[in-house]
Amino acid sequence: MGLSIGARPYPFLMHPSRTAFLVIDMQRDFLEPGGFGAALGNDIGQLRTAIMPIKLMLDACRATNMMVIHTREGHRPDLSDLSAAKHARGRFATRIGDAGPMGRILVRGAAGHEIIPELAAQPGEPVIDKPGKGAFYATDLEAILRGRGITQLIIAGVTTEVCVHTTLREANDRGFECLVLEDGTASYFPEFHRAALDMACAQDGIFGWVAPASAVIAALREGTES
Ligand code: TIU
């Protein structure tokens, strides 16, 4: 059995008991003024369209007991897990670890590192702290997914072509079936967002599937009613 979700490039057969909703880096540092995203010279307003679709998906997952996992990009306060290459990259005045209006940029424990309050994790939902762009690199995400028997991921968050795509690729190589939410992801660059979604499902699903949050939510709702 399974729930059929209208998706690109063809319907995705979802098995909710083996599926996790993975929300990538919906942190104040990317979505609010004075954080890492802004320090990189970006228009943070571009990302806020993803908030409501993710909120609606979280509501649906929580109502149907589907697993939810959150990630946060950030580093230890002593920056011992920050590579010199990542630290040095870019020619900006404010870098990772520097003081900003929401505390030290992309440092665990700082206010800016927190998930935005609208999408805060609830008790029982794992929060994965990751030093890289991909959520599998240097984390226990894979152990948590395997331990819970998860084989499918619904992926949302920011930014589409950076941390979402890196995680999608890591998950694909590890044998997970992945569906990316087209409206639950966003980029500072709308053209990169569109291209990243097209790349995810090109060649008849080279990395996986793409669908709006409403399609997944409708399937979840039907699945619990039937
Ligand atoms: N800068 C940018 O677009 N993204 C990141 O640095 N991290 C994530 O995508 N989370």
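Helices (H or I, at least four residues) and strands (E, at least two) are taken here as DSSP runs, numbered from the N terminus. The structure is a predicted model, in which local features need pLDDT of at least 70 and side-chain atom pairs count only at pLDDT 80 or more, while totals for chains, interfaces and linings use all residues. Residues are numbered from 1 along each chain as its sequence is written, and side-chain values use heavy atoms, with hydrogens and water left out.

We can start with the backbone. Most residues other than glycine have a negative phi, and most peptide bonds are trans. Against that background, the peptide bond from R8 to P9 is cis, its omega being near 0°; P9 sits in the loop that links strand 1 (3-5) and strand 2 (12-14). A cis bond also joins V158 to T159, with omega near -10°, and T159 belongs to the loop between strand 8 (152-158) and helix 6. D25, which is not a glycine, has a positive phi of about 55° and is placed in the loop between strand 3 (19-24) and helix 1 (28-31).

Helix 6 also takes part in helix packing. With axes being lines fitted to C-alpha atoms over the stretch in contact, and angles running from 0 to 180 degrees between N-to-C directions, helix 6 and helix 7 (residues 190-205) pack at about 15°, their axes 10 Å apart. The two helices are therefore roughly parallel to each other (angles under 35 degrees count as such). On the helix 6 side, the contact (heavy atoms within 4.5 Å) is made by T160, E161, H165, L168 and R169, and on the helix 7 side by F192, H193, A196, L197, M199 and A200. These contact residues divide into six nonpolar, three polar and two charged, where Ala, Val, Leu, Ile, Met, Phe, Trp, Tyr, Cys and Pro count as nonpolar, Asp, Glu, Lys and Arg as charged, and the others, Gly among them, as polar.

A pocket is an open set of points on a 1 Å grid where a 1.4 Å probe fits, with protein on both sides within 12 Å along at least five of seven lines, and lining residues have an atom within 4 Å of a point. Volume is the space filled by probe spheres set on the points, which are joined across faces, edges and corners. The largest pocket has a volume of about 450 Å³. Its lining has 22 residues, with F36, L40, N42, K133 and V162 nearest the centre. Helix 6 gives the most to this lining, with three residues. The second largest pocket has a volume of about 180 Å³, and its lining includes H75, R108 and K133.

Technical notes: Parallel < 35°, antiparallel > 145°, perpendicular 65-115°, else oblique.
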